[in-house]
Amino acid sequence: MIWLVAFLSCIGLICTETPFNHNVHNQRVIGGHDAKPNTWRWQASLQYDSYNDGLFYHICGGSIVDGFYILTAAHCILSMDASLYRVVVGEYNLYEYDGSEQFIHVETIVVHPGWTGDLGKGNDIALLKLANPVYDNGYVAIANLPSPDQMLLHGFTCYITGWGLMDYGGSVPAILQVSPIAVVEHSVCSQPNWWGSIALSSMVCAGGDGVISGCQGDSGGPLSCFTDGAWRVHGVVSYGPSGRCNQVSKPTVFTRVSSFQDWIYSVSLLLPL
């Protein structure tokens with residue numbers, strides 16, 4: 001996410017995103033590398049106009065799950081005023097106009113009713129209804145979702161993408177980053193020397209090798225896994241350790257999309273187009 005002047009919030013060992021002015025420095029996936037253009041086409045950038053002056057800053061990632069809907073994390077919602085947000089799809093370099101981007105304002109924000117603001121209690125998921133639909137310009141795609149309640153096997157390789165912090169206090173190019181990341185099954189992630197009781201079965205853990213992780217700026221973005229013959233968004237970046245993000249036995253934690261299929265579909269069906 002983009003930093004503002006001061007931290008917005010930090011809960012125990014888990015820090016939520018802290019926007020920064022893009023003229024200071026950029027952030028990305030730790031241990032990642034530049035993604036190939038036009039590959040992770042369901043990736044979105046959620047941007048926020050903090051001063052209501054028409055200047056938008058990247059704060060979180062997201063996934064296109066419908067022509068009108070973007071899936072992101074609930075903790076990325078800094079205000080329920082939809083006019084302060086826009087979504088950019090087809091994005092690659094945040095600070096250059098590539099000609100592939102679509103800039104779309106947000107019309108409605110729907111946060112999961114179970115979200116309490118405590119990352120350790122889960123339900124860190126939200127949907128953004130767009131004012132205008134995403135159109136197929138060859139640089140975007142609607143994400144496939146997993147089967148309801150589908151679980152990933154321990155060690156299964158997925159991919160994390162985003163414009164999040166590369167290293168604690170580091171600065172890097174604004175190109176979308178990608179990295180393979182190994183799933184850590186719940187029975188391991190919930191052990192006391194890992195995340196313990198705050199790793200819920202409605203979450204997916206991945207990483208924890210001290211090398212690869214998500215970090216500030218990646219929140220809300222997808223955990224993409226090739227399952228059942230297609231790329232599917234299995235997770236939404238939720239939390240990690242405060243300070244240095246790539247800590248051993250403290251993997252990146254994602255909201256498990258397969259736990260929220262009914263809610264996702266109910267929102268898209270209930271809201272009028």
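Trainee: Which residues is Val87 in contact with, leaving aside its neighbours within four places in sequence?

Mentor: In general, nonpolar side chains of soluble globular proteins tend to be buried together. In this predicted model, Val87 is in contact with Ala44, Ser45 and Leu46, with Ile70, with Gln102, Phe103, Ile104 and Val106, and with Leu128 and Leu130.

Trainee: Which residues have the most contacts inside the largest nonpolar core?

Mentor: They are Tyr85 and Val87, in a core of 49 residues. Among the elements that each supply at least two residues of this core are β7 (85-89), β8 (102-111), β9 (126-130), β14 (230-239) and α2 (261-270).

Trainee: Over how many bridges do β4 and β5 pair?

Mentor: Strand β4 (residues 43-48) and strand β5 (residues 57-66) are joined over six bridges in the antiparallel sense. For instance, Gln47 has His58 of β5 as its bridge partner.

Trainee: What does the secondary structure of the chain come to?

Mentor: The chain has two helices and 15 strands. Of its 273 residues, 59% are buried. Among contacts between residues at least 6 apart in sequence, 70% join residues at least 24 apart. The chain exposes about 11,100 Å², with carbon and sulfur atoms supplying 55% of that area.

Note on methods
Residues numbered from 1 in each chain as written. Predicted model: local features only at pLDDT ≥ 70, side-chain atom pairs only at ≥ 80, totals over all residues. Heavy atoms only, no water. Pairing = 2+ DSSP bridges. Helix = DSSP H or I, 4+ residues; strand = E, 2+ residues; numbered from the N terminus. Core = buried A, V, L, I, M, F, W, Y, C linked by side-chain atoms within 4.5 Å. Buried < 20%, exposed > 50% of the residue type's maximum accessible area, 1.4 Å probe, protein only. Contact = heavy atoms within 4.5 Å. Areas by Shrake-Rupley, 256 points an atom, 1.4 Å probe, with all protein chains shown as cover.
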